[in-house]
Amino acid sequence: MTKREKQEQLPLFLTPELAGKVSGLGVNRIRHLMESGLLEYLPVGCRRLTTIQALWDYYGRAKVAAKLEVDFN
């Protein structure tokens, strides 16, 4: 099974537990990001659900860009 096929099998909305497994982040980190407003989520009753796109959006904002030039001197 390819990576793309695995991604297509994921549900539209992810619980914090599933989002943690998919992203490699801990469940508590996912919940903290949701509480602090850094990760988009959908409140459904007392549950918070997020999406793969929300995880990618967070990654795009939080990543540290690579340096284009490195000085080894």
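Which pattern does the protein chain follow, read along the sequence? The pattern is α-α-α-β-β-α. That gives four helices and two strands, taken as DSSP runs numbered from the N terminus (helices H or I, at least four residues; strands E, at least two). The model is predicted, so local features need pLDDT of at least 70 and side-chain atom pairs count only at pLDDT 80 or more, while totals for chains, interfaces and linings use all residues. Residues are numbered from 1 along each chain as its sequence is written, and side-chain values use heavy atoms, without hydrogens and water.

Start with helix 2 (residues 16-23) and helix 3 (residues 27-35). They pack at about 115°, with axes 8 Å apart. The pair is therefore roughly perpendicular, a label for angles of 65 to 115 degrees. The crossing of helix 2 past helix 3 is right-handed. On the helix 2 side, Pro16, Glu17, Ala19, Gly20 and Ser23 take part; Val27, Ile30, Arg31 and Met34 meet them from helix 3. Five of these residues are nonpolar, two polar and two charged.

Now the interior. Buried residues (under 20% relative accessible area, 1.4 Å probe, protein chains only) make up 18% of the 73 residues. The largest nonpolar core has nine residues: Leu14, Ala19, Ile30, Leu33, Met34, Leu39, Ile52, Ala54 and Leu55. Its members are buried and joined through side-chain atoms within 4.5 Å. Helix 3 and helix 4 (52-62) each give two or more residues to this core.

Leu14 shows the links across sequence. Beyond its neighbours within four places, Leu14 is in contact (heavy atoms within 4.5 Å) with Ala19, Arg48, Leu49, Thr50, Thr51, Ile52 and Leu55.

Notes
Axes fitted to C-alpha atoms, helices over the stretch in contact; angles between N-to-C directions. Parallel < 35°, antiparallel > 145°, perpendicular 65-115°, else oblique. Left-handed = near helix turned anticlockwise from the far one by under 90°. Nonpolar A, V, L, I, M, F, W, Y, C, P; charged D, E, K, R; others polar. Buried < 20%, exposed > 50% of the residue type's maximum accessible area, 1.4 Å probe, protein only.
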